[in-house]
Amino acid sequence: MAELVPICRVDDLTDGGMHKVEVLGCEYLVIQRDEATFVVDAACTNDWADLSTGSLDGSIVTCPKCGGQFDITSGDVVREPPTFPLDTYNVEVKEGGVFSDVTGY
Ligand code: FES
């Protein structure tokens, strides 16, 4: 596993909500759901819309621009037009902090 870097505090997260962070020059979504925490790229792979302004239903995030959907647990496309999955990252929660192996630019 690549080096884990701090990306936010656990207190920043709400269950079932999306929290956008900028780390190493890139934007990511941090999502807490059913006691698990996920980190994915914040930009849609179709036309780079900000997924944090879309909606989250369970593990499915819907893009606000043209309605594409991704499963945040895998990054897989659930509904086109996107054809490429979101990048997903390893996560560790410890001592009130959220750490991930995001790579930045
Ligand atoms: S920009 Fe996200 S589906 Fe088109």
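What share of the contacts between residues at least 6 apart in sequence join residues at least 24 apart in the protein chain? I started my notebook with that one, and the figure came out at 42%. A reminder to myself before going on: this is a predicted model.

**Entry 1: the chain as a whole**

I counted secondary structure next and found eleven strands and zero helices in the protein chain. Reading from the N terminus, I wrote the elements down as β-β-β-β-β-β-β-β-β-β-β. The radius of gyration is 13 Å, close to the 13 Å that the globule rule gives for 105 residues, so the chain is as compact as a globular protein of that length. I also took the extent of the C-alpha trace along its principal axes, which is about 40 × 30 × 20 Å. For burial, 26% of the 105 residues count as buried.

A reminder I like to keep at hand: strands of a sheet pair through backbone hydrogen bonds, either parallel or antiparallel.

I looked at one pairing more closely. How many bridges join β7 to β8? I found two, and the strands run antiparallel. Glutamine 69 stands opposite arginine 79 in β8.

**Entry 2: aspartate 76**

The loop between β7 (69-71) and β8 (77-79) holds aspartate 76. Is aspartate 76 buried, exposed or partly exposed? I count 13 C-beta neighbours inside 10 Å, so aspartate 76 goes down as partly exposed; the exposed class stops at 12 or fewer. Setting aside neighbours within four places in sequence, I listed the contacts of aspartate 76 as Phe70, Asp71 and Pro85. I also checked aspartate 76 against glutamate 35, which is 41 residues away along the chain, and their C-alpha atoms are separated by 21 Å.

I placed glutamate 35 in the loop between β3 and β4 (36-41). With 7 C-beta neighbours inside 10 Å, glutamate 35 counts as exposed.

Leucine 24 also went on my list, with a phi near 55°, a positive value in a residue other than glycine. I found leucine 24 in the loop between β2 (18-23) and β3 (26-33). Is leucine 24 buried or exposed? Leucine 24 has 11 C-beta neighbours inside 10 Å, so I noted it as exposed.

I finished on tyrosine 28 and wrote out its contacts, leaving aside neighbours within four places in sequence. They are Ile7, Val21, Val23, Val39, Val40, Asp41, Ala42 and Val102.

Definitions and conventions. Residues numbered from 1 in each chain as written. Predicted model: local features only at pLDDT ≥ 70, side-chain atom pairs only at ≥ 80, totals over all residues. Helix = DSSP H or I, 4+ residues; strand = E, 2+ residues; numbered from the N terminus. Buried ≥ 20, exposed ≤ 12 C-beta atoms within 10 Å, placed from the backbone. Contact = placed C-beta atoms within 7 Å. Rg over C-alpha atoms; globule rule 2.2 N^0.38 Å. Pairing = 2+ DSSP bridges.
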